[in-house]
Amino acid sequence: MKSWVESANLPGCDFPLENLPYGVFSHAGSRRIGVAIGDQVLDLRGCADGGVPKALSPELTAACSQDTLNSLMALGGGAWSPLRRDLTAILNSNAEARIQQKVKQHLIPMREVEMQLPAQIGDYTDFYASIHHATRVGKLFRPDNPLLPNYKYVPIGYHGRASSMVVSGTDVRRPSGQTKPATTAEPVFSPSRSVDYELEIGIFVGPGNALGKPVPIAEAEEHIFGLCLVNDWSARDIQSWEYQPLGPFLAKSFATTISPWVVTLDALKPYRVAAAERSKEDPSLLSYLAQGDSLAAVDVTVEVFLQSQHMRERGIGAVRLSRGNLRDLYWSVAQLLTHHASNGCNLRPGDLLATGTISGPEEQSEGCLLEMKHRSSPITLPAGETRTFLQDGDEVTLRAYCERPGLPRIGFGECVGRILPALAT
Ligand code: CA
């Protein structure tokens, strides 16, 4: 498919006609829902108001005119599919000239808009779905027995903090907190010395489930609106002192960055693949998590890039630290959602579930710096600097994309954050 928006047809473009992710942008003093196409944003409220290309249903018109995606997320696939079909038709190069002319009035160059959080996120949950991440981190503490006995039975997660979720481009202040250095007898309160990133994918909940009513695994994906990138910033020194017995708390809640564009499951459909094979010795799944779907996973390449202040000042571009794939997770997005609701917990439109750090089995696919500790030497950056954890001025960029022979590449855009120095304590 080709679009009459020429930039959408360029090789390497994240947002061709086949993608059409949703986001929320500010422009000329108003905040609206938009769809990314090439280097342009299509203003959906403008389209709905202008009856382009034809009148949408009253409920879709209302949902597209909001300043968050929550209402659209709540409507479900019955509304999303016709909207996607209409958007594809009006942006297709074979659309009538009269329609192209009308739609053009509602395109805004992406560089002129400021992206916002796509939804009002009521609740945020973070999982631990990469067995490669869990094994590598477990090895640091328990070399002989890295995986805890529950790992292959139950998707492990914790409730995160929604109020400190920020959109890509927002600076992140180095947190201060209580840590217990090995060299001191008593804990101290000071700026964290081991700020890390975590490369993750977020899952935006569409229609929710009623309190007390679990979501069967076969219906789980009907409750998923789409996916985005997530950087779960983590202060490892605060984490290691506070995490027992109740799990992460202030080590994680100072900031979580997400990418502004939500890529729908409809757009990801051509890139579905079989889930990573469970090993022969693995226990069989409890039936509520047994997914009949032969294409339970999604083939999404995920990458982390780092640029230090020193590199920026010398015009040296960001360097890639790792590359992994969403398909390598031990638990699928459907299994995470079904497990979350299995006790009757209600999920609501706009809630965000994150996969946990996405790592692969091989070196160069570690989704956070902590995991690289097993390497024989610290990371060396192009100008000779080394890194164990992030320094002030470091900028971390996450990227993700789907690529397959015979299919266009679709991308997630970027999830960027820069570390600012701690405030004086
Ligand atoms: Ca995490």
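**Reading a buried helix and its surroundings**

Guide: Start at helix H10. Its buried residues are Val333, Ala334, Gln335, Leu336, Leu337, Thr338, His339, His340 and Ala341. Bear in mind that this is a predicted model.

Visitor: How many residues of H10 are buried, and what does that say about the helix?

Guide: Here is the general idea. An α-helix has 3.6 residues a turn, so residues three or four places apart point the same way. Now the case here. Nine of the nine residues of H10 are buried, so this helix is largely enclosed by the rest of the structure.

Visitor: What covers the buried residues of H10?

Guide: The cover includes strands S6, S7 (157-159), S13, S14 and S22 (352-354).

Visitor: S14 is on that list. How many of its residues are buried?

Guide: Eight of the eight, so S14 too is largely enclosed by the rest of the structure.

Visitor: How do I read the pairing of S14 with S13?

Guide: Strands of a sheet pair through backbone hydrogen bonds, either parallel or antiparallel. S13 and S14 run antiparallel and are joined by seven bridges.

Visitor: Which residue of S17 stands opposite Leu227?

Guide: Val263 does. S14 and S17 (residues 263-264) pair in the antiparallel sense over two bridges. S14 also pairs with S16 (residues 256-258), again antiparallel over two bridges. There, Val230 has Ile258 as its bridge partner.

Visitor: In what order do the strands of the open sheet run?

Guide: Five strands form it, in the order S9-S26-S25-S20-S21, and the pairing is mixed. S9 (172-173) and S21 (319-325) stand at the edges, each with a single partner strand, so one side of each is left without a neighbour in the sheet. Look at one pair in detail. S20 (residues 301-307) and S21 pair in the antiparallel sense over six bridges. Arg320 in S21 is the bridge partner of Phe305.

Visitor: Next, the core. Which residues of the largest nonpolar core touch the most other members?

Guide: The general idea first. In soluble globular proteins, nonpolar side chains tend to be buried together. In this model the largest nonpolar core has 63 residues, and Tyr197, Ile201, Leu268, Leu390 and Phe412 touch the most other members. Elements that each supply at least two residues include helix H6 (131-141), helix H8 (265-268), S14, S20 and H10. H10 gives the largest share, five residues.

Visitor: Which residues does Ile201 contact, leaving aside its neighbours within four places in sequence?

Guide: Among them are Leu227, Leu229, Val302, Leu326, Ile358, Ala400 and Phe412. A second, separate core has 45 residues, including Val52, Leu107, Phe204 and Ala354.

Visitor: Which residues are the protein donors of the calcium ion?

Guide: Asp126 (OD), Glu198 (OE), Glu200 (OE) and Asp232 (OD), lying 2.2 to 2.3 Å from the ion. Their spacing in sequence is D-x71-E-x1-E-x31-D. Asp126 and Asp232 link distant parts of the chain, 106 residues apart. Asp126 is in strand S6 (residues 124-127), while Asp232 is in the loop between S14 (224-231) and S15 (234-235).

Visitor: Are Asp126 and Asp232 buried or exposed?

Guide: Both are buried.

Visitor: Where are the domain bounds?

Guide: The domain assignment gives domain 1 (6-116) and domain 2 (124-420). Their centres, taken over C-alpha atoms, are separated by 29 Å. The contact takes 26 residues from domain 1 and 23 residues from domain 2.

Visitor: One last residue. Where does Ile121 lie?

Guide: In the loop between S5 (114-116) and S6. Ile121 is buried, with a relative accessible area of 11%. Not counting residues up to four places away in sequence, Ile121 touches Ala162, Met165, Phe204, Ile258, Gly350 and Leu352. Ile121 and Thr135 are 14 residues apart along the chain, and their C-alpha atoms are separated by 30 Å.

How values were computed: Residues numbered from 1 in each chain as written. Predicted model: local features only at pLDDT ≥ 70, side-chain atom pairs only at ≥ 80, totals over all residues. Heavy atoms only, no water. Donors = N, O, S within 2.8 Å, 3.2 Å for Na, K, Ca; no water. Helix = DSSP H or I, 4+ residues; strand = E, 2+ residues; numbered from the N terminus. Buried < 20%, exposed > 50% of the residue type's maximum accessible area, 1.4 Å probe, protein only. Pairing = 2+ DSSP bridges. Core = buried A, V, L, I, M, F, W, Y, C linked by side-chain atoms within 4.5 Å. Contact = heavy atoms within 4.5 Å. Domains from an automatic or database assignment.
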